[in-house]
Amino acid sequence: MLEVGPGQGVRGGDPKGSAPLTTTALSRAARFKPEPVSKARPQPEEALRLVLDSLDDMKAEDTISIDLRNKTIIADTMVVTSGRSQRHVGSIADRVLDDLRKAGCKHLKVEGMPNCDWVLIDAGDVIVHVFRPEVRAFYNLEKMWAPGRPNGRRAS
C-alpha cells in the first residue's frame with residue numbers, strides 16, 4: 001500500500017472523505033441550513049406594491065405614483081409622498097428601505113437621510129420621494145412629471 005504524508009491525499013487506499021461521518025458531524029450537518037446564494041430582484045410591479053404597502057403601513061400622507069415608462073428611462077414609476085415631520089419622514093424612509101432590502105433589492109441609493117426634509121430612495125425601477133409638506137409644495141414634483149406633459153418637460 002502507498003503511504004502519503006498528512007494532507008497529501010490517499011492513505012491506505014481509501015479516497016479522502018470516504019469514512020463514515022461521526023454522529024457529531026451528522027448533527028452539525030442536519031442543523032446547518034445555508035442561506036440562499038441570492039434572492040431574485042422583485043419585478044417592477046412587485047417593488048411598487050411593496051413600496052406602497054410600506055407607505056400605507058407608516059401612515060404616509062398624500063401618496064401618488066407617477067408612471068414614467070413613456071417619459072424617461074430613469075425608472076418605471078415615481079412615488080411621491082409626505083410625512084408630518086422630519087422624524088416621520090425618516091421613519092417612513094427607513095421602513096421602505098428595510099422592506100425593499102428584505103425583498104431582495106440590492107444597491108439601493110438614498111439621499112437626504114441626515115436632514116429628513118426630503119428623502120430620495122432610488123430602487124432602480126421605482127423612485128420614492130418622501131417630503132415634509134412644506135418642502136413638497138416648494139419643489140412640486142407632481143407638476144413637473146404630470147401626465148399631460150410628454151417626456152417630462154415643462155410647458156413653455
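What covers the buried residues of H2? The cover includes S1, S2, helix H3 (86-102) and S5, where contact means heavy atoms within 4.5 Å. Keep in mind that this is a predicted model, where local features need pLDDT of at least 70, side-chain atom pairs count only at pLDDT 80 or more, and totals for chains, interfaces and linings use all residues. Residues are numbered from 1 along each chain as its sequence is written, and side-chain values use heavy atoms, leaving out hydrogens and water.

**Helix H2**
- H2 runs over residues 44-57; helices (H or I, at least four residues) and strands (E, at least two) are DSSP runs numbered from the N terminus.
- Pro44, Ala47, Leu48, Leu50, Val51, Ser54 and Leu55 of H2 are buried, meaning under 20% relative accessible area, with exposed over 50% and partly exposed in between (1.4 Å probe, protein chains only).
- Those buried residues fall within an arc of 160 degrees seen down the axis of H2, so they line one face of the helix; the arc is that of the directions from the helix axis to the C-beta atoms.
- Glu45 and Asp56, on the other side of H2, are exposed.
- Lysine 59 follows H2 and has a positive phi, near 60 degrees.

**Strand S2 and its partners**
- Six of the six residues in S2 (residues 77-82) are buried.
- Thr77, Val79 and Thr81 point one way from S2, while Met78, Val80 and Ser82 point the other way.
- S1 (residues 61-67) pairs with S2 in the antiparallel sense over five bridges; two strands pair if DSSP finds at least two bridges between them.
- S2 also pairs with S5 (residues 126-131), in the parallel sense over six bridges.

How values were computed
The expected span of a helix is 1.5 Å times one less than its number of residues.
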